[in-house]
Amino acid sequence: MFKKYLIVFIISMVPLIELRGAIPFAVGFDLPTVPSFVICVIGNMLPVPIIFLFARKVLIWGKDKKYIGRFFTFCLEKGEKGGNKLKAKAGVGIYLALLLFVGIPLPGTGAWTGTLAASFLDLDWKKSVIAVMLGVMLAGVIMCLASLGLFGAIGAIFK
């Protein structure tokens, strides 16, 4: 059983797959729902501080390098330009937007992408991590319900 939990934990840390792919694996492994949910959330949140603290610094470091400089500069400029527009429009609601972005389980909208965006936008560390964690938990609840067949059962009722 430990091996199955470890697999689910590792899957939840993989970019783009994250908790959205780990929870269906846990259900497929017939693991208990609550411990699997907790393990997936922990695994999904583990890379968040590293991404938040170092993503922008790596881009700044690489912007004057020979082969990667143009791409890193493009990423920084594009991120700052879009970020300033978004921050001006959203104001304080930007953290709610971050929570919903991470919480809706669609490809490319997970903790990795949300944290990367928060880092590019130079958002507050504590508020960003809380928003991302709540978003991960929301996505986890949605994926648990979907994996356990609740949405299919509701659809069958209204047929």
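## Helices α6 and α7

Let us start with a pair of neighbours: α6 and α7 pack with their axes 8 Å apart and at an angle of about 155°. Axes here are lines fitted to C-alpha atoms, for helices over the stretch in contact, and angles run from 0 to 180 degrees between N-to-C directions. The crossing of α6 and α7 is right-handed, meaning that the near helix is turned clockwise from the far one by less than a right angle, with anticlockwise giving left-handed.

On the α6 side, L98, F101 and V102 meet A111, T113, G114 and A118 of α7, where contact means heavy atoms within 4.5 Å. The residues of this contact of α6 with α7 divide into five nonpolar, two polar and no charged. In this scheme Ala, Val, Leu, Ile, Met, Phe, Trp, Tyr, Cys and Pro are nonpolar, Asp, Glu, Lys and Arg are charged, and the others, Gly among them, are polar.

## The model as a whole

This is a predicted model, in which local features need pLDDT of at least 70 and side-chain atom pairs count only at pLDDT 80 or more, while totals for chains, interfaces and linings use all residues. Residues are numbered from 1 along each chain as its sequence is written, and side-chain values use heavy atoms, with hydrogens and water left out.

The protein has nine helices and zero strands. Helices (H or I, at least four residues) and strands (E, at least two) are DSSP runs, numbered from the N terminus. Along the principal axes, the C-alpha atoms fill a box of roughly 55 × 35 × 25 Å. Of the 159 residues, 36% are buried; buried means under 20% relative accessible area, exposed over 50%, and partly exposed in between (1.4 Å probe, protein chains only). Among contacts between residues at least 6 apart in sequence, 70% join residues at least 24 apart.

## What covers α6

Helix α6 spans residues 94-103, and its buried residues are I94, Y95, L98, L99, V102 and G103. The cover over these buried residues includes α2, α5 (69-90), α7 (111-120) and α8.

## Helix α3 and its partners

The axes of α2 and α3 come within 10 Å and cross at roughly 155°. That makes α2 roughly antiparallel to α3, and the crossing of α2 and α3 is right-handed. Their contact is made by E18, L19, A22, I23 and A26 of α2 together with S36, F37, C40, V41 and N44 of α3. By class, this contact of α2 with α3 has seven nonpolar, two polar and one charged residues.

Helix α3 (residues 33-45) also packs with helix α8 (residues 125-147), at an angle of about 145° and with axes 10 Å apart. The crossing of α3 and α8 is right-handed too. From α3, the contact uses T33, F37, V41, N44 and M45, and from α8 it uses V129, V132, M133, V136, M137, G140, V141 and C144. The residues of the contact of α3 with α8 divide into 10 nonpolar, three polar and no charged.

## Two positive phi values

Most residues other than glycine have a negative phi. L16, although not a glycine, has a positive phi of about 70°. L16 is found in the loop between α1 (2-13) and α2 (18-28), and L16 is exposed, with a relative accessible area of 64%.

E18 is another residue to look at: its phi is near 45°, a positive value in a residue other than glycine. E18 lies in helix α2 and, at 2% relative accessibility, counts as buried.

## Two residues of helix α1

S12 belongs to helix α1 and is buried, with a relative accessible area of 0%. A polar atom of the S12 side chain lies 2.6 Å from the backbone oxygen of F9. Leaving aside neighbours within four places in sequence, S12 is in contact with E18, L19, A22, I39, C40, G43 and N44.

K4 is also found in helix α1, and at 36% relative accessibility K4 counts as partly exposed. Not counting residues up to four places away in sequence, K4 touches F29 and L31. K4 and L31 are 27 residues apart in sequence and 8.0 Å apart in space, C-alpha to C-alpha.

Technical notes
Polar contact = N/O pair within 3.5 Å; in protein donor to acceptor, adjacent residues only side chain to side chain. Parallel < 35°, antiparallel > 145°, perpendicular 65-115°, else oblique.
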